[in-house]
Amino acid sequence: RDRYLIVAWSVLFALVAVAGLGAWTSRRLLRPLLRIRDAMRSGGGGDRGPLAVPVAEQGTVEYADLVRAFDDLETRLASTEAGLLQAEKNALLGQLAAGIAHEFGTPLNVISGNAQMLMRKLGPGDPQREVLEKIVRQSERLAEMIRRVLDFARPTEPQLRPVDLRSVVAQTVEMASGIGRKVKVDTRVAPQTPSVRGDPRLLEHALLNLVVNALQAMREGGRLTVEAGPGEETKGKAPATVFLRVTDTGPGIPAEHLPHVFEPFFTTKAQGEGTGLGLAIVRRIARQHGGRIDVRTSPGEGTTFTLVLPCEQGATEVRKEDA
């Protein structure tokens with residue numbers, strides 16, 4: 001009988017212990033997880049603020065880490081969602097702009113052609129000739145804007161071949177020489193700069209956009225520096241990248257505008273002075289060549305844009321990996 005009592009009490013104690021352990025486990029382990037689940041379902045985290053989980057439920061280090069991980073994940077998801085929405089918006093704007101630009105092209109050519117025909121009929125000293133010259137200049141300006149819109153909406157596939165950046169820098173600076181007459185221009189191309197495999201026309205287009213933006217930012221004068229040289233060496237080997245850098249001494253870019261400078265149709269220029277497509281086109285050209293575009297600015301001191309491209313050998317390796 002004593003043995004049966006001992007066994008019965010032992011079983012009862014075990015059941016009570018299991019029940020107590022279950023209650024403790026539910027309180028210490030399961031309830032915090034349920035609170036975290038409920039907080040996620042209620043829409044917390046990301047841009048809506050951190051998860052609404054009481055501090056008492058985060059007493060365990062693992063739970064606190066879990067809450068922070070969920071907050072970080074929600075923030076990244078919100079950022080990705082915003083990026084997708086912006087990409088969709090940009091695609092729609094690009095299609096709309098391309099359609100409008102195409103419709104404007106034909107009548108604009110008619111206006112410019114008729115104005116030039118009338119100019120040929122007038123003598124050099126005719127007062128009406130100046131009016132016609134203004135019409136032709138403004139028509140050419142509108143045509144250039146249309147070409148930039150179409151370049152963005154329907155990008156040209158690059159025709160890759162070895163390109164010497166010395167010629168790219170020299171021709172670009174020469175083309176932009178008449179824009180900023182109050183600006184002193186310095187060009188610095190390192191003698192050991194390796195060639196890149198790219199499309200010289202697209203590279204000149206990208207560099208010209210950066211140079212024109214810099215010159216327009218220094219209307220009252222300043223210094224423009226255009227540099228090219230090898231990138232950082234890796235493990236003692238030859239540099240895998242080359243850079244094109246444009247630095248101005250203008251007013252710089254405000255901090256609130258900096259995240260948006262590469263977005264299509266975003267511009268801080270006055271109305272009629274820019275389409276907001278220049279930097280977006282530069283970034284697209286950089287990506288077409290397997291490179292990137294970086295920006296560094298200090299308000300009141302100037303801005304530096306750096307175009308980083310793979311060297312000729314690096315570009316070949318990139319294409320093989322993409323294939």
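Q: If a salt bridge is a side-chain nitrogen of Lys or Arg within 4 Å of a carboxyl oxygen of Asp or Glu, how many does the structure hold?

A: The structure holds four salt bridges. This is a predicted model, in which local features need pLDDT of at least 70 and side-chain atom pairs count only at pLDDT 80 or more, while totals for chains, interfaces and linings use all residues. Residues are numbered from 1 along each chain as its sequence is written, and side-chain values use heavy atoms, with hydrogens and water left out.

Q: Which residue does Arg223 bridge to, and where do the two sit?

A: Arg223 forms a salt bridge with Asp186, with the closest N and O atoms 2.4 Å apart. The pair links distant parts of the chain, since Arg223 lies in strand 4 and Asp186 in strand 2, 37 residues apart; helices (H or I, at least four residues) and strands (E, at least two) are DSSP runs, numbered from the N terminus.

Q: And is Asp186 buried or exposed?

A: Asp186 counts as buried because its relative accessibility is 17%, where buried means under 20% relative accessible area, exposed over 50% and partly exposed in between (1.4 Å probe, protein chains only). Arg223, with a relative accessible area of 34%, is partly exposed.

Q: What other salt bridges can you name?

A: Among them is the one between the side chains of Arg129 and Glu133, at 3.6 Å from N to O; both residues lie in helix 3 (residues 127-153), four residues apart, which is about one turn of the helix. Arg129 is partly exposed at 23% relative accessibility, and Glu133 is partly exposed at 29%. Another joins Arg166 to Asp164, with the closest N and O atoms 3.3 Å apart; here Arg166 is partly exposed at 34% and Asp164 is partly exposed at 37%.

Q: Switching to the sheet: what is the strand order?

A: Five strands form an open sheet in the order 2-4-5-7-6, with mixed pairing, where two strands pair if DSSP finds at least two bridges between them. The edge strands are strand 2 (183-189) and strand 6 (292-298), each of which pairs on one side only. Neighbouring strands of this sheet are turned by 10 degrees against each other on average, direction ignored; the axes are lines fitted to C-alpha atoms, for helices over the stretch in contact, and angles run from 0 to 180 degrees between N-to-C directions.

Q: In what sense does strand 5 pair with strand 4, and with strand 7?

A: Strand 4 (residues 222-230) and strand 5 (residues 241-248) pair in the antiparallel sense over seven bridges, with Leu224 opposite Asp248 and Ala228 opposite Leu244. Strand 5 and strand 7 (residues 302-310) are also antiparallel, over eight bridges, and Val242 has Leu309 in strand 7 as its bridge partner.

Q: Which strands does helix 5 lie across?

A: Helix 5 (residues 200-217) lies across strand 2, strand 4, strand 5, strand 6 and strand 7, and runs at about 25 degrees to strand 5; contact means heavy atoms within 4.5 Å.

Q: Which residues of helix 6 are buried, and what follows that helix?

A: In helix 6 (residues 278-288), the buried residues are Gly278, Leu279, Ala280, Ile281, Val282, Ile285 and Ala286. The helix is followed by Gly290, whose phi is positive, near 75 degrees.

Q: Last one: which residues form the nonpolar surface patch?

A: Leu5, Trp9, Leu12 and Val16 form it, with about 440 Å² of accessible area together. Patches are made of residues with over 30% relative accessible area and no salt bridge, like charges being joined within 9 Å and nonpolar side chains (Val, Leu, Ile, Met, Phe, Trp, Tyr) within 5 Å; accessible areas come from the Shrake-Rupley method with a 1.4 Å probe, and for residues only the protein chains shown count as cover. Leu5 lies in helix 1 (residues 2-41) and is partly exposed, with a relative accessible area of 45%.
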